Amino acid sequence: MFRYSPQAAARAGFQAVEAAWLYDSDPGELRKVTEQTGLEVALINTPPGDLKSGDLGLGAVPGREQDFRQGLALAINFAKTLDCKRIHVMAGRVPAGLQRSATSMEMEATFVQNLRYAADVLAKEGILGLIEPINTRVTDPQYFLDSPHQAAEILQKVDRPNIKLQMDVYHWQIMDGNLTQNIQKYFPLIGHVQVAQVPDRHEPDSPGEVNFPYLFNLLEKLGYQGYVGCEYKPMGSTEAGLDWVRKYWGGKK
Ligand SMILES: O=C(O)C(=O)CO
């Protein structure tokens, strides 16, 4: 919601916002906004790295371990200032010019090593680290982490209780479908949820192929207690697009 307006989020009755990339802002100024609006910052991302060179996070990028650690330290600094308890530790992309098949083993080993480091650093701050599969079919063809199955294997190798799975239903539908089975199978690993309708990434009640009332009911039955991030592009204004919250949840946000 920082991308749109934290004030709009507060006016709309939300208690929390996500702020994916906020590193061009002053953390102290952002803290003032959270204090003025009473909003919790539910999630931030590790910095993208060097967007000019095509980075989108460095977690799995061999040879960038020091840059990864610096980015994580910056994210932790922002999270502590904002009292944010979740950091999306981004895997990053298969480096340009390399074939995914040729480098995936090395990238996975790098990601596991960086996540173990991150887990130990984050544990000292009481912050949860999250890894998010991002679909490579539509959104980001070079992204390294592109299925819940791959993420589950990595989490097993990382073997740290404070590194969990960030489920973005939009990506899961595009990359694999089979939402009910995958949500049931990986539910114990899920630490954060994001939603958007498929294919246009608008509000959950916009025209599309995902039945969100069914999925929210499934998450409730499974006992999901975390946040649901609205990572979608409003079809119109942010506020006008919030009817789905009233419809699906009777206005609880
Ligand atoms: O692209 C996405 O879905 C993200 O959540 C990036 O943080």
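Is N135 buried or exposed? That was my opening entry, and the model I am reading is a predicted one. I found a relative accessibility of 0% for N135, so I wrote it down as buried; the cut-off for that word is under 20%.

**Entry: around N135**

I found it in the loop between β4 (128-131) and α5 (148-158). Then I followed its side chain. One thing it reaches is the backbone nitrogen of R137, at 3.2 Å. I also noted a polar contact of 2.9 Å between the side chains of N135 and H171. Leaving aside residues up to four places away in sequence, I listed D140, Y170, H171, I174 and M175 as the residues that N135 touches.

**Entry: the ligand**

H171 turned up again when I moved to the ligand, as one of the residues surrounding it.

I then checked some distances to oxygen atoms of the ligand. For R201, an N or O atom of the side chain is 2.7 Å from a ligand oxygen. For D168, I noted 3.2 Å between a side-chain N or O atom and an oxygen of the ligand. For H88, a polar side-chain atom lies 3.3 Å from a ligand oxygen. I also looked up how much of the ligand is covered: taken alone it exposes 230 Å², and the protein buries 92% of that.

**Entry: aromatic pairs**

How many aromatic pairs does a search of the whole structure find? I noted six. I picked out F216 and W244, which form a stacked pair, with 5.9 Å from centre to centre and 20° between the planes. F216 belongs to helix α8 (residues 212-222) and W244 to helix α9 (residues 243-249), so this pair ties together parts that are 28 residues apart in sequence. I checked burial too: F216 has 6% relative accessibility and counts as buried, and W244 is buried with a relative accessible area of 1%.

W244 has another partner, Y232, and that pair is edge-to-face, at 6.3 Å centre to centre with 75° between the planes. Y232 lies in the loop between β7 (228-230) and α9, 12 residues from W244, and I noted that the pair links distant parts of the chain. Like W244, Y232 is buried. Stepping back, I could write F212, F216, Y232 and W244 down as one aromatic cluster.

**Entry: helix α5**

At its start, I saw a side-chain oxygen of S147 reach to within 3.2 Å of the backbone nitrogen of H149. Which residues of α5 are buried? I listed P148, Q150, A151, A152, I154, L155 and V158. I then asked what covers these buried residues, and my list includes α4 (100-125), β4, β5 (163-168), α6 (169-175) and α7 (179-186). Following the chain past the helix, I came to D159, which has a positive phi near 55°.

How values were computed:
Residues are numbered from 1 along each chain as its sequence is written. This is a predicted model: local features need pLDDT of at least 70, side-chain atom pairs count only at pLDDT 80 or more; totals for chains, interfaces and linings use all residues. Side-chain values use heavy atoms; hydrogens and water are left out. Helices (H or I, at least four residues) and strands (E, at least two) are DSSP runs, numbered from the N terminus. Buried means under 20% relative accessible area, exposed over 50%, partly exposed in between (1.4 Å probe, protein chains only). A polar contact is a pair of N or O atoms within 3.5 Å; within protein, one must be able to donate a hydrogen and the other to accept it, and residues adjacent in sequence count only if both atoms are side-chain atoms. Contact means heavy atoms within 4.5 Å. A residue is near a molecule or strand if one of its heavy atoms lies within 4 Å of it. Accessible areas come from the Shrake-Rupley method with a 1.4 Å probe; for residues, only the protein chains shown count as cover. Rings of Phe, Tyr and Trp (its six-membered ring) pair if their centres lie within 6.5 Å; planes under 30 degrees apart count as stacked, over 60 as edge-to-face and the rest as tilted.
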